[in-house]
Amino acid sequence: MEETWNMNLQNRMASDVATMRWIGGTDGYLQMIDQTLLPMEFREIECRDVETVWEAIKKLRVRGAPAIGIAAAYGVVIALQTGTGNERPDFDQRLTEAATYLAESRPTAVNLFWALDRLQNLAASLPVLSNTDMHTRLLEEAKRIEQEDLEMCHKIGEVGAELLSKGDGVLTHCNAGGLATSGGGTALSVFFEAARQGKEIRVYADETRPLLQGARLTTWELMQRSIPVTLITDSMAGWVMQEQKIQAVVTGADRIAANGDSANKIGTYSVALLARLHEIPFYIAAPSSTFDLSLASGSQIPIEERLPEEITNGFGKQTAPVGVDVYNPAFDVTPAKYISGIITERGLIQPVTTAEVARVLTTDGY
């Protein structure tokens with residue numbers, strides 16, 4: 001498994017942005033791109049303690065639901081390098097503490113909790129394993145999560161590219177590319193595959209206020225792949241649709257409820273409404289790990305609210321009066337009725353209903 005993982009990782013790094021990578025064995029560390037500095041500066045940071053991983057997730061140095069889950073899994077491995085004692089109960093206690101701590105970094109992206117639960121469930125299933133052997137198994141599982149995400153991104157691209165026609169203009173919001181995953185991304189993997197098939201699409205990227213993930217990250221990734229991209233502000237999307245430059249919308253998601261309601265970066269709901277008004281298909285691209293089937297609808301999805309300084313003092317420049325009231329939700333929820341289809345590694349969910357979500361997610365042999 002180790003040899004296969006390393007081979008696939010090398011192939012990925014040769015063609016995609018390596019968002020993060022594990023260096024060494026169980027005593028190693030996590031190296032990741034600091035996405036807060038892109039596109040003006042490319043810098044990688046080393047996470048050698050769990051506090052650094054927590055800070056990287058909280059401060060959006062690593063972002064995107066799949067990438068957050070992968071980072072958290074490796075964060076657990078790092079946490080278990082110290083303070084585990086000699087007995088297995090001490091090890092398990094440290095694991096619980098690390099998972100609880102990392103879960104507090106961001107509340108909306110379900111992949112974070114999914115990855116942490118997966119490692120905890122693995123440890124619970126092997127209670128007699130020694131601390132050393134259990135630590136090794138957890139590192140293997142974290143690598144497996146990363147590898148599975150890489151494969152899911154590829155499948156999502158194949159499924160989604162079938163929805164696009166040659167010459168289409170496609171709008172996306174925020175960043176759902178390689179920087180948000182371990183592979184080619186979710187929404188952006190659709191564009192990468194369409195381009196590979198020679199469909200000659202043009203991507204329109206919303207700037208994505210207030211942290212400009214579309215301007216800073218999506219355009220950068222697409223330009224790295226030589227895919228035509230045009231940057232617009234969020235408020236231009238409706239007019240660009242009215243000008244008939246957009247034939248489809250594809251975005252990612254951070255959590256999807258059982259009925260298909262989808263939480264994504266703030267502004268996605270507005271884009272979905274504009275797409276419906278202009279009779280343009282609106283698609284969500286996300287892996288099965290982003291679905292939270294414990295939630296019946298999007299009304300139950302917790303929405304992270306971030307610091308007002310991200311709006312009043314964005315990127316260090318004050319743009320609003322001191323003391324002004326600020327509301328800064330990081331995500332909104334698009335109701336399933338406005339989503340034309342959800343693109344997953346298991347196939348296309350269409351129509352987006354509770355029954356169809358359940359059917360596709362339980363399909364075997366994909």
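Guide: The largest cavity holds about 200 Å³ of space. This is a predicted model, where local features need pLDDT of at least 70, side-chain atom pairs count only at pLDDT 80 or more, and totals for chains, interfaces and linings use all residues. Residues are numbered from 1 along each chain as its sequence is written, and side-chain values use heavy atoms, with hydrogens and water left out.

Visitor: What counts as a cavity here?

Guide: On a 1 Å grid over the protein atoms alone, a cavity is a set of points where a 1.4 Å probe fits but cannot get out. Lining residues have an atom within 4 Å of a point. Grid points are joined across faces, edges and corners, and a volume is the space filled by probe spheres set on the points.

Visitor: How many cavities of 30 Å³ or more?

Guide: Three.

Visitor: Which residues lie nearest the centre of the largest cavity?

Guide: Arg-63, Gly-64, Ala-65, Asn-175 and Asp-254, out of 23 lining residues. α3 (65-79) and β9 (262-265) each supply at least two residues of that lining. Helices (H or I, at least four residues) and strands (E, at least two) are DSSP runs, numbered from the N terminus.

Visitor: And how does that lining divide?

Guide: Into 10 nonpolar, nine polar and four charged residues. Ala, Val, Leu, Ile, Met, Phe, Trp, Tyr, Cys and Pro count as nonpolar, Asp, Glu, Lys and Arg as charged, and the others, Gly among them, as polar.

Visitor: What is the volume of the second largest cavity?

Guide: About 70 Å³. Its lining includes Leu-60, Arg-209, Lys-265, Arg-306 and Glu-310. That lining divides into six nonpolar, two polar and four charged residues.

Visitor: Where does Asp-254 lie, and is it buried or exposed?

Guide: Asp-254 lies in the loop between β7 (248-251) and β8 (255-257). Asp-254 counts as buried because its relative accessibility is 8%. Buried means under 20% relative accessible area, exposed over 50%, partly exposed in between (1.4 Å probe, protein chains only).

Visitor: What is Asp-254 in contact with?

Guide: Leaving aside neighbours within four places in sequence, its contacts (heavy atoms within 4.5 Å) include Ala-65, Asn-111, Lys-265, Thr-290 and Phe-331.

Visitor: New topic. How many residues has the largest nonpolar core?

Guide: It has 41, and Met-20, Leu-30, Met-32, Ile-57, Val-62 and Leu-138 have the most contacts inside it. The largest share of this core, 12 residues, comes from α3. A nonpolar core is a set of buried Ala, Val, Leu, Ile, Met, Phe, Trp, Tyr and Cys residues joined through side-chain atoms within 4.5 Å.

Visitor: What touches Leu-138?

Guide: Beyond its neighbours within four places in sequence, Leu-138 is in contact with Val-77, Leu-80, Phe-91, Leu-119 and Leu-122. Apart from this core lies another of 27 residues, including Met-241 and Ile-256.

Visitor: Last one. Where is Glu-158?

Guide: Glu-158 lies in helix α6 (residues 131-161). At 32% relative accessibility, Glu-158 counts as partly exposed. Glu-158 and Val-190 are 32 residues apart in sequence and 6.8 Å apart in space, C-alpha to C-alpha.

Notes:
1 Å grid on protein atoms, 1.4 Å probe; cavity = no way out; pocket = protein on both sides within 12 Å on 5 of 7 lines; lining within 4 Å.
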